[in-house]
2 protein chains.
Amino acid sequence: MCPHALIPYKPANPKTRLSCLFSQDERETLACAMLDDVVDAIKDANCTPVIVATDLFDSDLVQVTITDADLSQSLNTILPQAAGPTLILMADLPLANADAIRRVIKTERDMAIVPGRGGGTNAIFIKDPARFHVDYYGMSFLKHMKIAEEAGLSCEVIDSFRLHTDIDEKEDLVELLIHGAGKSRRYLEELGCVLVVEKGRAGVERKNHPAPAAP
Amino acid sequence: MCPHALIPYKPANPKTRLSCLFSQDERETLACAMLDDVVDAIKDANCTPVIVATDLFDSDLVQVTITDADLSQSLNTILPQAAGPTLILMADLPLANADAIRRVIKTERDMAIVPGRGGGTNAIFIKDPARFHVDYYGMSFLKHMKIAEEAGLSCEVIDSFRLHTDIDEKEDLVELLIHGAGKSRRYLEELGCVLVVEKGRAGVERKNHPAPAAP
C-alpha cells in the first residue's frame with residue numbers, strides 16, 4: 001500500500017499569528033521548511049505527497065493548485081476522484097515522523113483521524129475516500145467524527161502528540177525547538193529563536209532582533 | 001509485570017491558573033476527579049497506583065505523604081527504594097487511557113518518557129529506578145533526557161497526545177471537553193462548562209455563573 005498524501009498548503013503570507021516574531025518573508029520561509037519536514041516524513045512512511053496549494057510555488061513536488069478559497073470544498077472535489085486510500089495531512093506539523101504516520105495509515109478501521117490542539121483535525125486517512133467528506137471550519141474534529149459515523153465508517157482516533165501539535169502561535173514554537181529535528185527547527189535557530197524559562201514556563205525569544213512592525 | 005505507578009498530587013488549592021473560572025472548592029473537586037480518571041487508566045493498564053501527596057486526603061488509595069515541598073527531592077528519596085519497574089505519572093492527565101500507558105510501560109528500552117506541553121515531563125517509566133533521578137523544574141523534559149543519557153540509560157520518547165495534555169489553563173479544558181470520557185469531563189459539564197467557537201478557535205465558557213472573585 002502506498003497511499004497518496006494530500007497536503008493543504010498556503011505559500012503566500014501564511015501563519016499570520018506569528019507576525020509578532022517574524023516578517024512575512026520569514027513566515028513564508030518557515031512555512032516552506034515545515035512543509036519540507038512534513039514531506040520528508042510522508043516519504044519515509046512510503047506515502048506519495050501531493051501538495052494542494054492556494055498558489056503555484058517553486059518546488060519539484062506534485063502540486064494541485066486550488067483557486068477556490070474554501071479548503072473543504074476543494075478537498076471534497078478531489079476526494080471522490082482519489083484512486084485508493086488517501087491521507088490528508090496538514091503542512092504545519094513539523095514534528096510529524098514516519099512512525100506516527102505509519103500508525104495512522106495502518107489503522108484496521110475504515111479511517112483514522114488525528115485531532116489537532118483546540119478541536120481541529122490534523123490528519124485524516126480514508127481507505128475509500130469517495131465515502132467521506134471534510135468540513136474544516138470550527139471544531140472540525142467533532143464534525144469529522146460525526147461525518148464518519150453518519151457514513152457508517154468505523155474510525156480510529158490516533159494518539160500522537162507529534163501530529164497533534166500544529167504550529168500556529170508563538171507558544172507552539174517551544175514544541176518545535178524541543179522536539180523538532182528537521183529544516184524548520186534549524187530555520188528557527190538561524191533566526192535566533194531560543195528557549196527561555198519565564199516563571200517556570202517554557203517560552204521562545206528571538207535574540208538580537210527587533211520584532212517586525214505589525215503588518 | 002505489574003509496575004507501581006507513583007502519582008504526585010496536591011489536594012489543597014490546586015490548579016490556581018484555573019481561578020479565572022473556578023472557586024478553590026471547585027478546583028479541588030476537579031483535581032480529585034482528574035486523579036480518579038488517571039487512577040482508573042492506571043488500573044486498566046494493570047499498574048498499581050500509589051499517590052504521592054502533599055497532604056493526606058480522603059481516599060482508599062495507597063498514599064505516601066510528603067512533607068517536603070520539593071517534589072523532585074521527595075521522588076528521588078522514593079525511587080532508590082522502589083521494588084522494580086516504576087512509572088511516575090502526573091495527576092492532571094485526565095485524557096490518559098490504558099492504551100497510552102501500556103505503550104509507555106512496554107518500552108523495550110531502559111526507560112520511557114512522555115513530554116508534556118511546554119517542555120515539561122508528564123510520565124517517566126524506569127525499569128531500574130535506582131539508576132535514575134528526576135528534576136521537575138523548568139524544562140524538565142530536556143533535563144530528563146540528559147539525566148538518562150548521563151546514566152547510560154536508553155530512553156524511548158512516547159508519542160501520545162493523551163499523556164502530553166496536562167490540564168493547567170483555561171484553553172486546556174477544550175481538550176478535556178472534546179476528548180475526555182471520565183469523571184473530570186462530567187464534572188466540567190456539571191459546572192456548566194461548554195465548548196464555544198470564537199473567531200474560528202475553540203474555547204470554553206462557563207454558562208450561568210459569574211467568574212469567582214480573584215483569590
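Trainee: Which domains does the domain assignment of chain A give?

Mentor: The assignment gives domain 1 (4-164) and domain 2 (172-206) for chain A; such bounds come from an automatic or database domain assignment. This is a predicted model, in which local features need pLDDT of at least 70, side-chain atom pairs count only at pLDDT 80 or more, and totals for chains, interfaces and linings use all residues. Residues are numbered from 1 along each chain as its sequence is written, while chains are lettered from A and ligands numbered from 1 in the order in which they are written.

Trainee: What separates the centres of domain 1 of chain A and domain 2 of chain A, and how many residues does the contact take from each?

Mentor: The centres, taken over C-alpha atoms, are separated by 23 Å. The contact takes 11 residues from domain 1 of chain A and 10 residues from domain 2 of chain A, where contact requires C-beta atoms, placed from the backbone, within 7 Å.

Trainee: Why is α6(B) called roughly perpendicular to α7(B)?

Mentor: Helix α6 (residues 172-179) of chain B and helix α7 (residues 183-190) of chain B pack at an angle of about 110°. Angles of 65 to 115 degrees count as roughly perpendicular, under 35 as roughly parallel, over 145 as roughly antiparallel and the rest as oblique; therefore α6(B) is roughly perpendicular to α7(B).

Trainee: Which residues of α6(B) and α7(B) meet?

Mentor: B:Leu173, B:Leu176 and B:Leu177 in α6(B) meet B:Ser184, B:Arg185 and B:Leu188 in α7(B). By class, the residues of this contact are 4 nonpolar, 1 polar and 1 charged. Ala, Val, Leu, Ile, Met, Phe, Trp, Tyr, Cys and Pro count as nonpolar, Asp, Glu, Lys and Arg as charged, and the others, Gly among them, as polar.

Trainee: Which residues of helix α4 (residues 140-150) of chain A are buried?

Mentor: A:Ser140, A:Phe141, A:His144 and A:Ala148 are buried. That term requires 20 or more other C-beta atoms within 10 Å of a residue's own, whereas 12 or fewer make a residue exposed and values in between partly exposed.

Trainee: Why are the buried residues of α4(A) said to line one face of the helix?

Mentor: Seen down the axis of α4(A), they fall within an arc of 105°, so they line one face. On the other side of α4(A), A:Lys146, A:Glu149 and A:Glu150 are exposed.

Trainee: What do the buried residues of α4(A) pack against?

Mentor: They pack against β5 (111-115), β6 (121-126) and β7 (155-157) of chain A, together with α6 of chain B.

Definitions and conventions:
Axes fitted to C-alpha atoms, helices over the stretch in contact; angles between N-to-C directions. Helix = DSSP H or I, 4+ residues; strand = E, 2+ residues; numbered from the N terminus. Contact = placed C-beta atoms within 7 Å. Arc of directions from axis to C-beta.
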